[in-house]
Amino acid sequence: MSSLSDQLSSFKKKVKSAPVLQRHVVNQPSGAGQKRESTETSTQSPKRKKTAVAIAQAAAAASAANNAPNRHLNTMIMDASEYIKRADKPVSFDDIASYLSTDIDSLLPRLLKIDRIQINMTQKTAQYVSVYGIYSKEDLLTFLRRQETYQGIPVSKLKDGWNGCLAAIEELEKEQLVIVTRTKKENIPRFVWANTGGPLGGIDEEFIAIWSQVKVPDAADLPAKLLEAGLKPTSVDPATIKSNKKAGGDRKQKKPRRGKITNTHLGGLLKDFGM
């Protein structure tokens, strides 16, 4: 018996000390799988977003790097045009290159395509061409006096390519060599004409003499003078004025209208009723 009890106790010890095998679950509930997938998606979506943003930023940086030379060249073309325009005279290539701190050879092909910039390859100069080709007071007076019609020049067009336009017009106006119309609010010159008459603000003596020789009738004789001239004074009722035309005397008699045959092949069938 002792041996049997010893064997039973040793067996129990072996069972307790033996390793426990884990059971594998084959069929899982659908809700648990969806929950797990949603958890994985929520944990991975920020990473994917960061990756997409990084790729977009890299593509934008690569595109900007490829277009950087063209943008830089366009900026230099614009700066060169403004510099030439402000000069009001031909500018040498060396001055333009010094202003831009770059070689002008790469800019010349594009400057040649600008209509308002005139390039002189012989003298190696560039000049901004104004609308009328006016760059001084003398040029303005000469242009105004050569006009066949007395038409004013808009100052807005004179300013394009001539920076000293307003100052020159002010000086010429003080010298009474031009006539200027201005805006009401800003008092800015709007149109300019050549003064071909005389001093502004005065009246010629000859005109004053002619004006003084003209005699105006008295107020009592004025209606009669107007009637003699065929005019109707405002103080007289037009219905009371007798007309010199005879009633019905100058009426023209209407000529009788005759029918016109248009179908010549039916001439023998139609009769002339003397209409």
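The stops below move from a sheet to its helices, and then to selected side chains.

This is a predicted model, in which local features need pLDDT of at least 70 and side-chain atom pairs count only at pLDDT 80 or more, whereas totals for chains, interfaces and linings use all residues. Residues are numbered from 1 along each chain as its sequence is written, and side-chain values use heavy atoms, with hydrogens and water left out.

Select residues 153-154, 178-182 and 189-194. Helices (H or I, at least four residues) and strands (E, at least two) are DSSP runs, numbered from the N terminus. The three strands form an open sheet in the order β4-β6-β5, with antiparallel pairing; two strands pair if DSSP finds at least two bridges between them. β4 and β5 are at the edges with a single partner strand each, so one side of each has no neighbour in the sheet. Between β5 and β6 there are 5 bridges; isoleucine 179 has tryptophan 193 in β6 as its bridge partner.

**The helices across the sheet.** Next, select α5, residues 137-145, which lies across β4, β5 and β6 at about 65° to β6. Axes are lines fitted to C-alpha atoms, for helices over the stretch in contact (heavy atoms within 4.5 Å), and angles run from 0 to 180 degrees between N-to-C directions. Leu140, Leu141 and Leu144 of α5 are buried (under 20% relative accessible area; exposed is over 50%, partly exposed in between, with a 1.4 Å probe and protein chains only). These residues cover an arc of only 95° around the axis, which places them on the same side of α5; the arc is that of the directions from the helix axis to the C-beta atoms. The buried residues of α5 pack against β4, α6, α7, β5 and β6.

**Salt bridges.** A salt bridge is a side-chain nitrogen of Lys or Arg within 4 Å of a carboxyl oxygen of Asp or Glu. Select arginine 182 together with glutamate 170, a salt bridge at 3.2 Å, N to O. Glutamate 170 is in helix α7 and arginine 182 in strand β5, so the pair ties together parts 12 residues apart in sequence. Glutamate 173 also forms a salt bridge with arginine 182, at 2.5 Å.

Finally, select aspartate 160 and arginine 116, whose closest N and O atoms are 3.1 Å apart in a salt bridge. The two residues are 44 residues apart, in the α6-α7 loop and the α4-β2 loop respectively.
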